[in-house]
Amino acid sequence: MNDGLIGPLEIESLAFGGRGVARYDGRVIFVRGAVPGDLVRARLTLEKKRYAEAEAVLFDRGSPQRCRPICPVFGECGGCQWQMLPYAEQLRHKEKIFRDILQRQCSIDGALVSGITESPVEWTYRSRVQFKCNMSVDSNLKIGFYRPNSHVVVDVKSCPVADPAFNQLLPELHELLQCNSFATQISQIDMEIGDDKQVRIVFHCSDKNNTELVAGLNPLQQRYPFALFLQTGSKSTLRHIAGPRDLTIEVDSPPLQLAYGAGGFAQINLVQNRRMVSEALRMAAPEKDWRVLDLYCGMGNFSLPFARRVTKLVAVEGHAGSIAQGKVNARQNQITNIDFVTRAAEGAYAALAGKEGFDLVVLDPPRSGAREVVVDLLKQRVKRILYVSCDPMTLARDLTLLLAGGYRCIESRALDMFPQTYHLESLTFLELDP
């Protein structure tokens, strides 16, 4: 012990979640801010019987893998975890972590886990950013991101993973709001950009009478013609003020134009999203006579590219606004063999399959996974499943059920949608054993 520190800890590997892994006093220690090759002394932040969490404080030796982070608030800001690793090392660790999870928890042959698909860009890739706002008691406005495990806002002048258009707007927006009383009304600023380079900004406000805010933003909007929305509560309170209502992204080849509105969802790495859609089509290899069910379809990111290639596609989403947008996108792209249905994904197969059933189910659930849907699909004996996941832990949980229920993994692949962080996306294709 050294002033409450434990160690030295030899960091052996990285865990999903971004922390370095060490062993000390019979327990596994997950150390924030440490990478393999570091020798650190750390302060415990959480203790359990079999493991503990800690934060690196003193470095007796730095890893040769380390590089200098380019962001001046890296470590304070909770947005990125791995800027201290060169991108090639980030990819290597992500691929290993993903493969290890599937091998250890699902007993999937490592040979079936393909190499990670790297992002073409490791910086300036984020097309959507949520900036938190706080006006301190001394009237100092902070616009930035939360510190790890807190609601304390770390002020940023720019963000190296954000689109350059956001970084151009941010200092002027900060200066404008700092000088106006209505800044105290703003808790969050959402910035989004489409492939069409149109910028949309949503201000989350506490005061429904925001005439002063709209007037104050007008000079900035004259110089940078962004679309402006205000939100004073839930998504139902979104109000369009100025500029185009929708942003547009592109997927597939030849390109499909997909629009989505404020409060809707699109992947944050638009270039990598196109690669992911392409990989999904390659992996599933849809045939012309297939009927496909797309669960958690959103505004049609996978639905429309797959519909182009099959006889019939039914797209399911619980959010009515996304379904309405999907219908518009299908009409704008002249795709007519698709039905968009507003309903829960649970039970959708039995409700919509009819006598013909479906040849493939595509599911892209939220981070919590799709346990209930998986149970449904096991009962229906679906021939093929393409599982798109943003969390390898819930993916492994759901795959364990599918593999025990008679499915076999044909291929699984991680995609790096989020450089400089531990997060990853993945695609897994399964077939029912005859």
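How many helices and strands does the secondary structure of the protein come to? There are nine helices and 23 strands, counted as DSSP runs (helices H or I, at least four residues; strands E, at least two) and numbered from the N terminus. The radius of gyration, taken over C-alpha atoms, is 23 Å, close to the 22 Å of the globule rule for 434 residues, so the protein is as compact as a globular protein of that length. That rule is 2.2 Å times the number of residues to the power 0.38.

This is a predicted model, in which local features need pLDDT of at least 70, side-chain atom pairs count only at pLDDT 80 or more, and totals for chains, interfaces and linings use all residues. Residues are numbered from 1 along each chain as its sequence is written, and side-chain values use heavy atoms, leaving out hydrogens and water.

Some whole-protein values:

| Property | Value |
|---|---|
| C-alpha span along principal axes | about 65 × 60 × 35 Å |
| Residues that count as buried (under 20% relative accessible area, 1.4 Å probe, protein chains only) | 54% of 434 residues |

Now to the interior. A nonpolar core is a set of buried Ala, Val, Leu, Ile, Met, Phe, Trp, Tyr and Cys residues joined through side-chain atoms within 4.5 Å. The largest one has 80 residues, and L177, I189, F203 and F306 touch the most other members. Beyond four places away in sequence, L177 touches residues including L141, I143, F182 and L213, where contact means heavy atoms within 4.5 Å. A second, separate core of 45 residues has I108, V316, L378 and C409 among them.

Conventions: Buried < 20%, exposed > 50% of the residue type's maximum accessible area, 1.4 Å probe, protein only.
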